[in-house]
Amino acid sequence: MRLNDMGLQSISLMDTDKLEMQGAMAQTDSYAFAGLVDPEMPGQVCPRRTRIQLDWMLLALEALDLNATENIIVGLHELQLQPVIKNRVHLWQLRNTNPLRRFSQRQPLSLTEGKALVVLACYLARRQTSTIRQLLRADEQLRSKNLSAEHHFRLAQYLERFRGHFLSRMNANRTAIAPYKSSEALNDLALSLLGQILFCTGTAGMQRLWSSLFDGEVA
Amino acid sequence: MPIQRQYSLPDCVLTLDGLSNSTESAAGNRPELSVLTRFECYFAGEKAPLVGGRELLDSLIGATNTCVQASISGVQSALKADDSKVQLQPAKEGSGFDLRVPAALLFQGTSAFSSTEEGLEKPAVELHISAVQLFDLMEAVDQLTADQQTLPELQVVIQPRSRRDVMSTQLVLEQSAPIALGVASVAVAAAAVFFIPAPKVQSPPKELQTQPSTSQPLSPAAAPPRANPSNPVGSPTATPSQSVTSAPTPATSPQTSP
């Protein structure tokens, strides 16, 4: 992965201007995250399920769009999220807060960083709304005819890419990954993620995604 | 003044008929729809729309909200379904969702669903909708609630559900499994042990008891050299023959220790 090479260089940079970043975060809070209410979480960090879910959704979005990596960077500029997510490396680090990753960082994901990932995911999802609809419709038609996903080129392509991303980035030794060993299970996961992403493309998609991430986690 | 508002998406169309409360009829602005008289929800591919009033609208919005939230998070609600309200749940078989609308919420006679065709009045209308249709329903609801000129008091509360609300029965089952397993294994073990006859305690005959007493003086004799700090590992129950073989080791240890 390209991000890996650049990783060490900018980690030291991040610590130096942490204070500056916090000031900027407060500023970003006002416009980009409008409508995303902080849930009452102990320590103001995202729980385990939230981190996994966010990372997997971004994984599905990457499988959907070959240019996702570039679009993410464009999105960071357009959405003015740079105060929170500075660059690719920082994004990679945030995504690696997913405990099931091979290079899991064992670091917390703050609510602000979580919100930034939600905004980013919804931005990417909206660009792909028509594709997602097409794929879900195709899946439905194939199911009604009892055909496998291989009969639809784009769907098969998406599933294959997702499986590739998943297997290369997740830690196969983790118990939580064990149910996804077979390609059928991975296909089901990819399709359910696709359905979840579709719901994020709507008018209130961002709020819906954000609140669902804490479903059953608040008291 | 009668007003009609339509929220139209490819797979779902919501139509609201109503009246404006405000007397001023601004020519340029959209008048505010404040009283709902008729609500219609049409899914692509269905023969007829669902027609009802405010109750149907409110109930449908609530069900959509819950279902979408559960669908994104994958966490099912533990709350029991209310038969008098619209229910929207993932289909038990295959993909898609099951929508169940109680007949009491529908306007009788206006909708094809509520017509009593064979003289049998169904308690509820059941539809199967796809994920894309549910998305369109959700989007139409979101557009409707975001529209300040249509039922401004209508609001959808999007918030995470509490831990208590999502405590599903499956979780309770999962939690009780280890306890049940423990209790069951204790029961099985108890049953197995029950059939094993209790061993009879045989008091050793008196003659045998006296014999070891004669050999006992030997072992104290062998014990003193082993009581040395250099070899504390020696077992007191060792047979005399062993103690004899182990005797050279304490003898060598004083030589090596200085």
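The sheet of chain B is an open one, with 4 strands in the order S1-S2-S3-S4 and antiparallel pairing. Strands here, like helices, are DSSP runs numbered from the N terminus, with at least two residues (E) for a strand and at least four (H or I) for a helix. Two strands count as paired if DSSP finds at least two bridges between them. In general, strands of a sheet pair through backbone hydrogen bonds, either parallel or antiparallel. At the edges sit strand S1 (2-9) and strand S4 (50-52) of chain B, each pairing on one side only. Neighbouring strands of this sheet are turned by 10° against each other on average, ignoring direction. For such angles, axes are lines fitted to C-alpha atoms (for helices, over the stretch in contact), and values run from 0 to 180 degrees between N-to-C directions.

All of this comes from a predicted model, in which local features need pLDDT of at least 70, side-chain atom pairs count only at pLDDT 80 or more, and totals for chains, interfaces and linings use all residues. Residues are numbered from 1 along each chain as its sequence is written, while chains are lettered from A and ligands numbered from 1 in the order in which they are written.

One spot to look for is Glu40(B), whose bridge partner in S4(B) is Val51(B). Lying across S3 and S4 of chain B is helix H1 (residues 54-73) of chain B, which runs at about 55° to S3(B).

Chain B as a whole has 8 helices and 7 strands. Of its 258 residues, 24% are buried, where buried means that 20 or more other C-beta atoms lie within 10 Å of the residue's own, exposed means 12 or fewer, and partly exposed is in between, with C-beta atoms placed from the backbone. Take Val157(B), in the loop between helix H2 (131-146) and helix H3 (163-166) of chain B.

Chain A is built another way, with 10 helices and 0 strands. Buried residues make up 41% of its 219 residues. Of the chain A contacts with a separation of 6 or more, 76% are between residues 24 or more positions apart.

There is also a largest nonpolar core, with 95 residues, and Ala60(A), Ala121(A), Leu194(A) and Ile197(A) touch the most other members. A nonpolar core is a set of buried Ala, Val, Leu, Ile, Met, Phe, Trp, Tyr and Cys residues joined through C-beta atoms within 7 Å. Helix H6 (residues 111-127) of chain A gives the most to this core, namely 11 residues. Ala60(A) itself, leaving aside neighbours within four places in sequence, is in contact with Phe162(A), Ala190(A), Leu193(A), Leu194(A) and Ile197(A). In soluble globular proteins, nonpolar side chains tend to be buried together.

Where the chains meet, 25 residues of chain A are in contact with 24 residues of chain B. Helix H7 (129-144), helix H9 (183-199) and helix H10 (205-212) of chain A each supply at least two residues of the chain A side. That side has 10 nonpolar, 8 polar and 7 charged residues; Ala, Val, Leu, Ile, Met, Phe, Trp, Tyr, Cys and Pro count as nonpolar, Asp, Glu, Lys and Arg as charged, and the others, Gly among them, as polar. H10(A) is largely enclosed by the rest of the structure, because 8 of its 8 residues are buried. Among them are Met206(A), Leu209(A) and Trp210(A). What covers the buried residues of H10(A) includes H6 and H9 of chain A together with H1 of chain B.

How far can the model be trusted? The pLDDT, the predictor's confidence in each residue from 0 to 100, has a mean of 84 in chain A, with 85% of residues reaching 70 or more. Over residues 1-27 of chain A, pLDDT is below 50. Chain B averages 76, and 70% of its residues score at least 70. Here pLDDT stays under 50 over residues 218-223 of chain B and over residues 230-258 of chain B. The model scores ipTM 0.81 and pTM 0.73.

Methods: Two residues are in contact if their C-beta atoms, placed from the backbone, lie within 7 Å.
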